[in-house]
Amino acid sequence: MMKRFTYLFALLILIITSCSSDDEGQTPNAGGSDFGQITSAVIIVNPVINEGSTTTIKSATQRDSVLITTSGAPNETTDSTGVAVIKGLPTGTNTLEFPTGNTGFDVIQEKELYDVVVSYTDTGVVQIIPPVRYPIGGDVIFVNNATELTNAVSKDNSIVFMNPGIYEGDISIPATDVIIFGYWDQEEGSQSIITGNVTVNGSNVRMRGVTVNGFTTTNGNQFSASFCEFNNANISGNGISLIRNIFNGTDVTVPSGNAVLLDNYNLP
C-alpha cells in the first residue's frame, strides 16, 4: 500500500532538528569524487529512520566524532552528520572497530565502493542493512550527455558513471541490474544533473550521487538510491531502499511498507 506525503520546503527544519544542527544548508556528504580509483567505504552512523521504513534495528543518537578503526586502512572519525569515509581498504574481510564493538564486511574487488549503515550504541554496533556494493572498479561505461546515458542504461548489468555536467531531457531505464553513479563534489554535492524526468522500469536499478530536476518514477522492484537529490517523485515497487537522499518537491510518494528509508531529508 502506498502512502502519499506532501511536503513544503519549510519542513526541512523538521529533519534538521532530528539530526545535528550543523546540517543546515549542507549537502549530505558522499565522501568525495575519487570513487573508482581507490577501494572505499562510506560509513553512516545512527541514521534518522524515516516514517514507513521496515527497518527493525533502531538508531541511537551519537553521530559526531565516532572513531572507526580498521587494520588495513587509516582510521577515521565521523563528521557531524554521522559519516566517515575509509579509503584504501584491502580485498577480503574488513573489520570495523568501534569504541563499543565491531562489525565486518567483505570487499570483493579493488576500487569498489561500499555504503555501510550501522547503529552504534553504548553496548555495541550492528549493521542496519547489509552493505550496499557498487562494483565501479569493474567495466564501467563513462557518459557525458543524455544520449550516451540513455544508450548505457538500455543494457542489462551496466555500470554507468556520469561525468559532471547537465544531462538535458528525459531518461528511461528499461534494463535490469543497472548502476548509475554520479560525479560528486565534496563541497557542492552532485555534479551530474538530469534536467528532465527519469522513469525506471527495470529491476534492481541503483542510483548514487545523481540530481534529477524533473519527476522521478520507479516501477521496477529492488530500486535503490543513495546520496541523490530528487524533485518530485513517485517511487513504487518491492524492496525499495532509499539512503540519505534529498527530496525537494511538493509531490513525493514513497512506500509505506516493504522499504528501507534511512536519513532522507524532507521525508518524515
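Which residues do ring pairs link into a cluster? Tyr 134, Phe 142, Phe 161 and Phe 181. More on the rings below, but here are some notes to get you started.

1. Ground rules. This is a predicted model, in which local features need pLDDT of at least 70 and side-chain atom pairs count only at pLDDT 80 or more, while totals for chains, interfaces and linings use all residues. Residues are numbered from 1 along each chain as its sequence is written, and side-chain values use heavy atoms, with hydrogens and water left out.

2. A sheet to look for. There is an open sheet of five strands, in the order 13-18-21-24-27, with parallel pairing. Strands here are DSSP runs of E with at least two residues, and helices are runs of H or I with at least four, both numbered from the N terminus. Two strands pair if DSSP finds at least two bridges between them. Strand 13 (165-167) and strand 27 (246-247) are the edges: each has a single partner strand, so one side of each has no neighbour in the sheet.

3. Strand 13 and strand 18 (residues 192-194) run parallel and are joined by three bridges. To find your place, look for Tyr 167, which stands opposite Ile 194 in strand 18. Keep Ile 194 in mind, as this residue is also one of those that touch the most other members of the largest nonpolar core.

4. Salt bridges. The whole structure has four of them, counting a side-chain nitrogen of Lys or Arg within 4 Å of a carboxyl oxygen of Asp or Glu. As background, side chains of opposite charge can pair when their charged atoms come close.

5. Arg 244 sits in the loop between strand 26 (240-243) and strand 27, 19 residues from Asp 263. Together, Arg 63, Arg 244 and Asp 263 are linked in a network of salt bridges. Asp 263 and Arg 63 are both buried, and Arg 244 is buried as well. Buried means under 20% relative accessible area, exposed means over 50%, and partly exposed is in between (1.4 Å probe, protein chains only).

6. A salt bridge with a partly exposed partner. Arg 133 and Glu 112 meet at 2.6 Å, N to O. Arg 133 is in strand 10 (residues 132-134) and Glu 112 in the loop between strand 7 (101-107) and strand 8 (113-121), so the pair ties together parts 21 residues apart in sequence. Arg 133 is partly exposed at 31% relative accessible area, whereas Glu 112 is buried at 0%.

7. The cores. A nonpolar core is a set of buried Ala, Val, Leu, Ile, Met, Phe, Trp, Tyr and Cys residues joined through side-chain atoms within 4.5 Å. The largest has 34 residues, and Leu 149, Ile 194, Phe 223 and Leu 242 touch the most other members. Helix 2 (146-152) is among the elements that give two or more residues to this core, and its three residues are the biggest contribution. A second, separate core has 21 residues, including Val 42, Val 83, Ile 136 and Phe 161.

8. Back to the rings. Seven aromatic pairs turn up, where rings of Phe, Tyr and Trp (its six-membered ring) pair if their centres lie within 6.5 Å; planes under 30 degrees apart count as stacked, over 60 as edge-to-face and the rest as tilted. Phe 105 and Tyr 114 have ring centres 5.4 Å apart and planes at 50 degrees, so this pair is tilted. Phe 105 is buried at 4% relative accessible area, and Tyr 114 is buried at 3%. Trp 184 and Phe 227, on the other hand, pair edge-to-face, with 6.1 Å between centres and 80 degrees between planes.

9. One last spot. Arg 208 lies over the face of Tyr 134, 5.5 Å from the ring centre; the rule asks for NZ of Lys or CZ of Arg within 6 Å of the ring centre and within 35 degrees of the ring normal. Ser 226, in strand 23 (224-226), has contacts that include Tyr 134 and Arg 208, leaving aside neighbours within four places in sequence. Contact means heavy atoms within 4.5 Å. Ser 226 is buried, at 2% relative accessibility.
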